[in-house]
Amino acid sequence: MDDVKVTEARQAAVRPPGTGTGAAAVAVTNVSKSACTLKGFPTVAGAGNGSPDKNTPLATTHSGSAATVSLAPGARAWTKLTFVNVQGEADGYCESGATPASYPTLVVGVPGAGAHQTGLDDGVFALCDNKATVTAYSTTKPS
């Protein structure tokens with residue numbers, strides 16, 4: 001389905017403490033000329049520098065329940081991705097002892113509309129443990 005594309009990713013206003021990205025709000029937009037529906041949760045992977053076979057899938061935990069979202073042409077749906085945050089200063093550290101990961105872009109899966117590569121509007125995705133908590137797509141922009 002070519003009706004929906006990821007069109008925005010920005011750091012969320014409400015995010016865990018630390019020096020990493022913490023949380024990002026990601027928008028998908030109906031780019032077709034007719035209404036469409038969307039239901040479900042995104043999949044998330046760290047992008048493999050142009051090589052999809054080198055993407056690093058993130059383990060996702062779902063938050064909330066999914067409902068069908070109707071999108072008129074040009075309308076947006078949102079999801080919030082919350083990461084295990086990097087702690088400390090400079091390069092930081094992971095509380096788990098893992099090495100922090102830094103991804104210029106993520107590959108965000110949209111149910112029924114494929115995978116879309118996106119970058120933050122103001123930096124890179126920095127996180128620990130290759131995990132994310134994701135909300136279902138909704139027409140309400142997350143904080």
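I count a residue as buried when its relative accessible area is under 20%, as exposed when over 50%, and as partly exposed in between, with a 1.4 Å probe and protein chains only. By that criterion, I found that buried residues make up 41% of the 143 residues in the protein.

Basis of the entries. I worked from a predicted model, in which local features need pLDDT of at least 70 and side-chain atom pairs count only at pLDDT 80 or more, while totals for chains, interfaces and linings use all residues. Residues are numbered from 1 along each chain as its sequence is written, and side-chain values use heavy atoms, with hydrogens and water left out.

Overall fold. I looked up the secondary structure and noted zero helices and twelve strands; strands are DSSP runs (E, at least two residues) and helices are DSSP runs (H or I, at least four residues), numbered from the N terminus. The radius of gyration, taken over C-alpha atoms, is 15 Å, close to the 15 Å of the globule rule (2.2 Å times the number of residues to the power 0.38), so the protein is as compact as a globular protein of 143 residues. I recorded a C-alpha trace spanning about 45 × 30 × 25 Å along the principal axes.

Contacts. Taking heavy atoms within 4.5 Å as a contact, I noted that residues 24 or more positions apart account for 74% of the contacts with a separation of 6 or more.

I examined strands E10 (residues 105–110) and E11 (residues 114–119), which run antiparallel and are joined by six bridges; two strands pair if DSSP finds at least two bridges between them. Val110 stands opposite Gly114 in E11. Three residues lie between the strands, and Gly112 takes a positive phi near 80° in this hairpin.
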